Amino acid sequence: MPLQITTTKPIIEMKTTRGQMNIQQPRGEQTIRTTKPKANIKSEKPKVIIDQYQCFAEAGLKNFLDLTKEAAQLGRQKALEAITRIVQDGNRMAMIQKNMPPAIPELAEKNAWDDNLDYNIGLIPKSRPKIEVKGDLKIDWVLGKVDINYKVNKPKINYNPAKVEIYIKQKGSIDVQYVDVKA
């Protein structure tokens, strides 16, 4: 059986268009407002006050009121000591007894010498001067301000997608024929 087969290949064609993207980014808008800070300064000049009265008083340099008070107090103390001594001496003289030594030579010897003398070295002044510093510095701050406003602008995007077109340019075919061969 003689058969004749004829085939035609199909032809597929593709057409592509590239995609395209365009992006524009406008700048943001910013505004800044500031208020300057301020400093208010109030000052009182410093004064140094040195009180050396106690140092001078220890060296014997006192004002007339304190010197008078001290002299009066010392006079009173010495007067009381003298009264005490005179009373004791009088009591001793009043003790007239047998076999007692005479009182006047004993009291004369006792009062001739002062055994309570105290020898010592002292440095003056013994105390420190009083030092006081007066003055003032006052600083008041008024803070500044910064106001920032910012507006964001969104990007502008244009997009054309890619395209692919596929089509059949020629269809495939199969042709089968019976050929009669006689001979």
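Is R85 buried, exposed or partly exposed? R85 counts as partly exposed, because its relative accessibility is 37%, which falls between the 20% and 50% cut-offs. The model is predicted.

**The largest pocket**

- The largest pocket holds about 210 Å³ of space.
- Two elements, α2 (64-94) and α3 (103-112), each give two or more residues to its lining.
- By class, the lining has 5 charged residues, 2 polar ones and 1 nonpolar one.
- R85 sits in helix α2.

- The model has 6 salt bridges in total. Two of those described here join helix α2 to helix α3.
- One of them pairs K110 with D89, with 3.4 Å between the closest N and O atoms. This pair links distant parts of the chain: K110 is in helix α3 and D89 is in helix α2, 21 residues apart.
- D89 is buried, because its relative accessible area is 7%, under the 20% cut-off. K110 counts as partly exposed, at 44%.
- E106 and R92 form another salt bridge, with the closest N and O atoms 2.7 Å apart. This pair too links distant parts of the chain, with E106 in helix α3 and R92 in helix α2, 14 residues apart.
- R92 counts as buried, because its relative accessibility is 10%. E106 counts as partly exposed, at 39%.

- K78 forms a salt bridge with E81, and their closest N and O atoms are 3.8 Å apart.
- Both residues lie in helix α2. They are 3 residues apart, about one turn of the helix.
- K78 counts as partly exposed, because its relative accessibility is 48%, below the 50% cut-off for exposed.
- E81 counts as partly exposed as well, at 41%.

**The nonpolar surface patch**

- L3, I5, I174, V176 and Y178 form a nonpolar patch on the surface. Together they have about 560 Å² of accessible area.
- Strands β1 (3-8) and β10 (173-178) each supply at least two of the patch residues.
- Strand β10 gives the most, with 3 residues.
- Y178 lies in strand β10. Y178 is exposed, because its relative accessible area of 55% is over the 50% cut-off.

Note on methods
Residues are numbered from 1 along each chain as its sequence is written. This is a predicted model: local features need pLDDT of at least 70, side-chain atom pairs count only at pLDDT 80 or more; totals for chains, interfaces and linings use all residues. Side-chain values use heavy atoms; hydrogens and water are left out. Patches are made of residues with over 30% relative accessible area and no salt bridge: like charges are joined within 9 Å, nonpolar side chains (Val, Leu, Ile, Met, Phe, Trp, Tyr) within 5 Å. Accessible areas come from the Shrake-Rupley method with a 1.4 Å probe; for residues, only the protein chains shown count as cover. A salt bridge is a side-chain nitrogen of Lys or Arg within 4 Å of a carboxyl oxygen of Asp or Glu. Helices (H or I, at least four residues) and strands (E, at least two) are DSSP runs, numbered from the N terminus. Buried means under 20% relative accessible area, exposed over 50%, partly exposed in between (1.4 Å probe, protein chains only). On a 1 Å grid over the protein atoms alone, a cavity is a set of points where a 1.4 Å probe fits but cannot get out, and a pocket is an open set with protein on both sides within 12 Å along at least five of seven lines; lining residues have an atom within 4 Å of a point. Grid points are joined across faces, edges and corners, and a volume is the space filled by probe spheres set on the points. Ala, Val, Leu, Ile, Met, Phe, Trp, Tyr, Cys and Pro count as nonpolar, Asp, Glu, Lys and Arg as charged, and the others, Gly among them, as polar.
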